[in-house]
Amino acid sequence: MRASQSSDAARKKRVVGNWKMNGSLAANAELLRACSASVEAWAGAGVEVSVCVPFPYLAQARELLSGSAVRWGAQDASVHASGAYTGEVSAQMIAEFGASFVIVGHSERRAHHSETSALVAGKAAAVLAAAMTPIICLGETLEEREIDMTEAVIAGQLSVCVEVLGLDALAHCVIAYEPVWAIGTGRTATPEQVQAVHGFLRTRLGRAGAGISLLYGGSVKPSNAAELFAMPDVDGGLIGGASLKIEDFEPICRAFG
Ligand code: PGA
């Protein structure tokens, strides 16, 4: 592991943009330049800002963000290191573009690509092996919440990571709690709901818990970021739709009290 890895993963205030499958060379150039231009204020306030872009734009992110305090990353990585896996992208390839982070286990991948918690943990291991920080997503569906299964689901998803990675490696990851019912729906979890899950997660993480950044994701916007980020176990956010417009993304990055 490279020396900077533990500081990449250490508990700190973070805002991570998840662009999902959005962007174009022209639109990205504007957004990345705007992020870079506004970053001094965020960095001064001790907030680490990153954007996770589609694979083809990693080179553009590297070109336009090099020298700025904004970091960049990808939204998935293969569990395999190399070989006959048509269409897959290895963590090592992503690392070559100077990426710091890779999102793994986003609920859209779990749902649309049948990713299991075991596969997600394997991907996190591949990202760590490539000296980057995995942002491991977990969260319950609305159905699961309604039948009071939230903690059981979260505990199950987390325990696979603990088994596969071990607590020492998990301490080098970022974890994002993203209730599936809040993603892209405009329906944000309340700060109390988020704190309840984050507190639960931190306790379940045992000795690793104190040092891990726990992010919340799901319809975070300028109007609700401050109250979410004010919760004691919320270290920041994973931002989808609102990361695509600097007028929304910037105030979210400033929302820490
Ligand atoms: P959203 O997405 O902010 O658009 O709800 C968050 C995410 O999926 O990471």
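Q: If a pocket is an open set of points, on a 1 Å grid over the protein atoms alone, where a 1.4 Å probe fits with protein on both sides within 12 Å along at least five of seven lines, what volume does the largest pocket have?
A: This is a predicted model, in which local features need pLDDT of at least 70 and side-chain atom pairs count only at pLDDT 80 or more, while totals for chains, interfaces and linings use all residues. Residues are numbered from 1 along each chain, and side-chain values use heavy atoms, without hydrogens and water. Taken as the space filled by probe spheres set on the joined grid points, the volume of the largest pocket is about 440 Å³.

Q: Which helix gives the largest share of the lining of the largest pocket?
A: The lining (residues with an atom within 4 Å of a point) comprises 19 residues, of which Met-21, Gln-75, Asp-76, Arg-109 and His-113 are the closest to the centre of the largest pocket. By class, this lining has seven nonpolar, seven polar (Gly among them) and five charged residues. The largest share, three residues that span part of 107-112, comes from helix H5.

Q: How much of the ligand's accessible area does the protein cover?
A: The shell around the ligand has 13 residues (a heavy atom within 4 Å), and Lys-20, His-106, Glu-178, Gly-184 and Ser-219 come nearest. A polar backbone atom of Gly-184 is 2.6 Å from an oxygen atom of the ligand, and for Gly-240 and Gly-241 the corresponding distance is 2.9 Å. Of the 290 Å² that the ligand has on its own (Shrake-Rupley method, 1.4 Å probe), the protein covers 95%.

Key:
A polar contact is a pair of N or O atoms within 3.5 Å; within protein, one must be able to donate a hydrogen and the other to accept it, and residues adjacent in sequence count only if both atoms are side-chain atoms. Helices (H or I, at least four residues) and strands (E, at least two) are DSSP runs, numbered from the N terminus.
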